[in-house]
Amino acid sequence: LKEGNVVHKIMDIDLLKGEQMKPEFLAINPLHQVPALVDDDGSIVWEGNSILRYICNSYTLDEHWYPTSIKGRRLCEMALDWRLSTYYPHVSKSAYKIFGWAFQNEDSAES
């Protein structure tokens, strides 16, 4: 947002204090997860990749952030999908162990 000169305000949600479970946050994301975005018009978007796509499609940003041509955009889309489906599950599995957290579904984390 800063790099694209999009006016924004960051709200810190303290997960360790359970702030994501408060009614005001659940109204934004009923799955009680971060990140979440509330746009000026009240539109709500959650999930990191969805937020990235929403911002890139809603604001005028330089072409290098999110190409307008489908051929130019393909690499960005592949990277976003890879990050979510392949990279993040492995990183989170390691991080959960470091912090002593357990997966909700340990079997799905192994696949």
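This is a predicted model: local features need pLDDT of at least 70, side-chain atom pairs count only at pLDDT 80 or more; totals for chains, interfaces and linings use all residues.

A: A salt bridge is a side-chain nitrogen of Lys or Arg within 4 Å of a carboxyl oxygen of Asp or Glu.

Q: How many salt bridges does the structure hold?
A: The structure holds two salt bridges. In one of them Arg 53 pairs with Glu 77, and the closest N and O atoms are 2.6 Å apart. Arg 53 belongs to helix 2 and Glu 77 to helix 3, so this pair ties together parts that are 24 residues apart in sequence. Arg 53 also meets Asp 81 in a salt bridge, at 3.2 Å from N to O. Here too distant parts of the chain are linked, with Asp 81 in helix 3 and Arg 53 in helix 2, 28 residues apart.

Q: Where does Arg 73 lie, and how far away is the nearest side chain of opposite charge?
A: Arg 73 is placed in helix 3, which spans residues 70–99. Arg 73 is buried yet has no salt bridge; the nearest side chain of opposite charge, Glu 77, is 4.6 Å away. The cut-off for a salt bridge is 4 Å. Leaving aside residues up to four places away in sequence, Arg 73 touches Asn 57, Tyr 66, Pro 67 and Thr 68.

Q: How is the overall arrangement of the chain to be read?
A: One starts with the secondary structure, which comes to four helices and two strands. Read along the sequence, these elements follow the pattern α-β-β-α-α-α. The C-alpha atoms fill a box of roughly 40 × 35 × 20 Å, taken along the principal axes.

Q: What percentage of the residues count as buried, and what share of the contacts join residues at least 24 apart?
A: Of the 111 residues, 17% count as buried. Among contacts between residues at least 6 apart in sequence, 16% join residues at least 24 apart. The chain exposes about 8,800 Å², of which carbon and sulfur atoms supply 58%.

Q: Is Gly 48 buried or exposed?
A: The threshold for a buried residue is under 20% relative accessible area. Gly 48 has a relative accessible area of 18% and is therefore buried. Gly 48 lies in helix 2, residues 48–58. The C-alpha atoms of Gly 48 and Val 6 are separated by 17 Å, and these residues are 42 residues apart along the chain.

Q: Which residues make the nonpolar surface patch?
A: The patch is made by Leu 16, Ile 98, Phe 99 and Trp 101, and its area is about 560 Å². Leu 16 is exposed, with a relative accessible area of 76%. Leu 16 is found in the segment before helix 1, residues 23–26.

Q: Where is His 32 placed, and what is the phi of His 32?
A: His 32 is in the loop between helix 1 and strand 1. Its phi is near 50°, a positive value in a residue other than glycine. At 33% relative accessibility, His 32 counts as partly exposed.

Q: What is the phi of Glu 47, and where does Glu 47 lie?
A: Glu 47 has a positive phi of about 90°, although it is not a glycine. Glu 47 lies in the loop between strand 2 (44–46) and helix 2. With 35% relative accessibility, Glu 47 counts as partly exposed.

Methods:
Residues are numbered from 1 along each chain as its sequence is written. Side-chain values use heavy atoms; hydrogens and water are left out. Buried means under 20% relative accessible area, exposed over 50%, partly exposed in between (1.4 Å probe, protein chains only). Lys and Arg count as positive and Asp and Glu as negative; His and the chain ends are not counted. Contact means heavy atoms within 4.5 Å. Patches are made of residues with over 30% relative accessible area and no salt bridge: like charges are joined within 9 Å, nonpolar side chains (Val, Leu, Ile, Met, Phe, Trp, Tyr) within 5 Å. Accessible areas come from the Shrake-Rupley method with a 1.4 Å probe; for residues, only the protein chains shown count as cover.
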